[in-house]
Amino acid sequence: MSIYQTLKSEAEALFPTLVAWRRDFHQHPELGFHEVRTAGIVADHLRELGLEVSTGIGKTGVVAMIENDQVASDAPTVLLRFDMDALPILEQNQASYRSQNDGVMHACGHDGHTAIGMGVAQLLTQRRHTLPGRVKLVFQPAEEGLGGATAMINDGVMNDPKPAAAFGLHLWSRLPLNQVVVQSGPLWASAGKFVLTVQGRGGHGAMPHETVDATLVASQIVVAWQSIVARNVDPAATAVLTVGAFNSGEAYNIISAQATLIGTIRSFDEKVDALLQQRMREMAEGICQAYGATCELTFPGYCAATINSVAGVQLMQTVATEIVGPEQVTQIKPMMVGEDMSEFLNRAPGCFILVGASDPAQPMHSPHHNPTFDFDERMMPTGVALLAGAAVAYLQEHK
Ligand SMILES: [Zn+2]
Ligand SMILES: [Zn+2]
């Protein structure tokens, strides 16, 4: 039996445990940077396995190393990443394991990711004496737009030892059960937030000539910005500029002094992101100047596009073919979803895969971030085998 078949059957034997872990996390979801209970359970499990555990990395993150005494000091380290946070959503499912924390829900499947990570830890620790290198297990807080990966990186997760490669996964409810997306080229987009504040001069609704109407100025900016994707971005590239919120004024007879625009920009290329930011600033400042207003434009949150490395894709294709069979390994159209696994991949090239989690009996399961989201738990052993397999394959290849 190949190592991958062994890992697969060991992962399948873990199924009831994975389900119990996942349902417990699902019942007790915690928002980003508040994963105290979740991180505690993860840390306890890792300690029980005999691993050295660091907690409080990036506020609520957990890190553990799998290694043995025989490994040379210059042997490679591979990073495996699992995210733990839930979303501010009131769950509408009636399952026995539904959220007991009203208004907070695991609606993206990170409960499954955390359980998978605990399973991977178990399988790899069992064979730690055969590993020709180190595995750094990273349980990340606050993936959902809150910068958990960056917080962990700022706390030194990429140092001592520095990982040479990184792997991770997302279960995906729109993909048939246990299909695996190993994407060459871009998978998911960058995600940047912007906030524009336009400062005009308020006044009486009947005396517009004495004012600078912030609503009018911000409206011009919204329209002008739409020309950036249409007329500045290379048509062969992809970009999104969405103004999600426009707030201005409070009364029917007062001209607004201040307007704010909040939204997101996305692309598959850092150069495109830079172009979007530059043109947004030029247009906002130029329009404000023309109307006698001023503005401030900030980009308070940004994560890069998720792009797999060539070597990472090759390795993952081999591992996935062994574990789910060649017909189950696939590619998809890139999506404009953001995912901060990119922060790890930008520092340690590797591969981020999607694992199909759609129940064949209910193929139209709710999408991610929906109050009725759920997934087919039978994907969890596959996820465990894939990431444990990736770590083993990487260390074997680079010993
Ligand atoms: Zn999500
Ligand atoms: Zn997610």
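Predicted model: local features only at pLDDT ≥ 70, side-chain atom pairs only at ≥ 80, totals over all residues.
Local features were taken at pLDDT of at least 70 and side-chain atom pairs at pLDDT 80 or more, whereas totals for chains, interfaces and linings use all residues; side-chain values rest on heavy atoms, with hydrogens and water left out. Residues are numbered from 1 along each chain as its sequence is written, and chains are lettered from A and ligands numbered from 1 in the order in which they are written.

Cysteine 108 coordinates both the zinc ion (ligand 2) and the zinc ion (ligand 1), which are 3.1 Å apart, and cysteine 108 and histidine 110 are both buried (under 20% relative accessible area, with exposed meaning over 50% and partly exposed in between, for a 1.4 Å probe and protein chains only).

Most residues other than glycine have a negative phi, and most peptide bonds are trans. Phenylalanine 33, in the loop between α2 (15-27) and α3 (36-48), has a positive phi near 70 degrees; helices (H or I, at least four residues) and strands (E, at least two) are DSSP runs numbered from the N terminus. Lysine 59, in the loop between β1 (52-57) and β2 (61-66), likewise has a positive phi, of about 70 degrees, and is exposed, with a relative accessible area of 61%. A cis peptide bond, with omega of about -5 degrees, joins aspartate 160 and proline 161, and proline 161 is placed in the loop between α5 (148-154) and β5 (165-176).

Notes. Donors = N, O, S within 2.8 Å, 3.2 Å for Na, K, Ca; no water.
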